[in-house]
Amino acid sequence: MGDFSENLKILCETNLADIRETISAEHPDIVIIDSIQTMYHEKVASAPGSVSQVRESTGILLQIAKGMNVTIFVVGHVTKEGVVAGPRVLEHMVDTVLYCEGDRYAAYRILRSAKNRFGSTNEIGVFEMRPEGLAEVPNPSEYMLEGKPEGASGSIVACTMEGTRPVLLEVQALVCKTNLAFPRRTAAGTDLNRVNLLMAVLEKRAGLRLSSFDAYVNIAGGIRMSEPALDLGIVLAVASSFRDQPIDEKTITFGEVGLSGEVRSVSMAEQRVREAKRLGFTSVILPETCRKQLVRVEGIDLVGVRSVRDAILKIG
């Protein structure tokens with residue numbers, strides 16, 4: 001947080017009656033309650049952190065925020081599943097619910113909106129933990145691609161959308177011969193069932209015999225993505241590793257893959273292409289329907305594909 005200043009004041013108090021009086025006297029711009037499970041109101045007989053105390057405390061803070069025109073951030077505990085602990089009515093009472101996500105071993109954090117009465121819930125903020133605290137990452141795509149290997153098979157850059165923001169990330173795959181009766185399938189950062197489906201499409205529609213191979217798919221950096229536009233990146237990464245054939249490092253891809261092996265169009269293709277150009281990529285493998293709709297972008301080659309077989313031929 002850095003050094004304390006005159007603009008930052010701390011009140012070590014959990015009694016909401018005293019907190020209300022302090023806010024009335026100080027008239028702060030922002031109030032941070034850390035945490036709502038420690039607050040209590042004397043009129044409620046139950047202990048702090050109970051359902052009735054949390055509900056009553058949130059109601060009082062809501063009255064303070066609306067009545068005194070003060071922005072209040074309420075910090076709450078989460079369960080092991082990663083959802084807000086306590087009564088569900090707590091989420092209904094507040095205007096916005098924000099989750100701070102991220103792997104415990106990664107330096108970055110993602111601020112994601114699960115509810116927002118005044119805006120979109122599809123936007124994210126990416127922050128990096130530094131000695132002075134959390135600092136905004138102005139270019140998440142460049143940050144996610146740091147350390148990408150050169151000339152390695154099973155690696156390709158894919159483009160996904162978080163709200164209106166295109167994010168480029170590295171999709172990695174490792175396919176190797178197995179001695180097990182049932183080959184192992186592992187996915188980190190994406191849905192395992194989707195990976196199994198795409199591998200079945202590769203075997204049936206592209207002729208890749210993957211039934212006797214283990215397959216491991218990873219979204220580098222610890223970020224989790226589930227957008228359908230990631231499908232083509234996973235398919236090409238698996239095919240590249242299976243054939244041990246590196247993909248041009250200046251190539252990115254996006255597109256949804258259907259069960260017939262067709263590559264289907266995705267939204268916001270132009271924003272994805274322009275983000276790729278801005279970061280220095282020279283080629284984009286994308287659905288043919290998206291390529292037809294796009295105006296030619298100077299300095300980047302648009303390679304349209306209709307099926308996974310076509311896409312694999314383009315990287316070979």
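Which element gives the most to the lining of the largest pocket? In this predicted model, the answer is β3, with six residues.

The largest pocket has a volume of about 1,400 Å³. Its lining is made up of 37 residues, and those that lie nearest the centre are F73, V74, V75, T96 and L98. Two or more lining residues come from each of α2 (51–68), β2 (71–75), α3 (89–93), β3 (96–101) and β4 (108–116). By residue class, the lining of the largest pocket divides into 24 nonpolar, seven polar and six charged residues.

The second largest pocket has a volume of about 960 Å³. Around this pocket there are 21 lining residues, with K9, I10, L11, V31 and I32 nearest its centre. The elements that give two or more residues to this lining are α1 (16–26) and β1 (30–34). Of these elements, β1 gives the most to the lining of the second largest pocket, with five residues. The classes in this lining are 13 nonpolar, two polar and six charged residues.

| Pocket | Volume | Lining | Classes in the lining |
|---|---|---|---|
| Largest pocket | about 1,400 Å³ | 37 residues | 24 nonpolar, seven polar, six charged residues |
| Second largest pocket | about 960 Å³ | 21 residues | 13 nonpolar, two polar, six charged residues |

Note on methods: Residues numbered from 1 in each chain as written. Predicted model: local features only at pLDDT ≥ 70, side-chain atom pairs only at ≥ 80, totals over all residues. Heavy atoms only, no water. 1 Å grid on protein atoms, 1.4 Å probe; cavity = no way out; pocket = protein on both sides within 12 Å on 5 of 7 lines; lining within 4 Å. Points joined across faces, edges and corners; volume = space filled by probe spheres on them. Helix = DSSP H or I, 4+ residues; strand = E, 2+ residues; numbered from the N terminus. Nonpolar A, V, L, I, M, F, W, Y, C, P; charged D, E, K, R; others polar.
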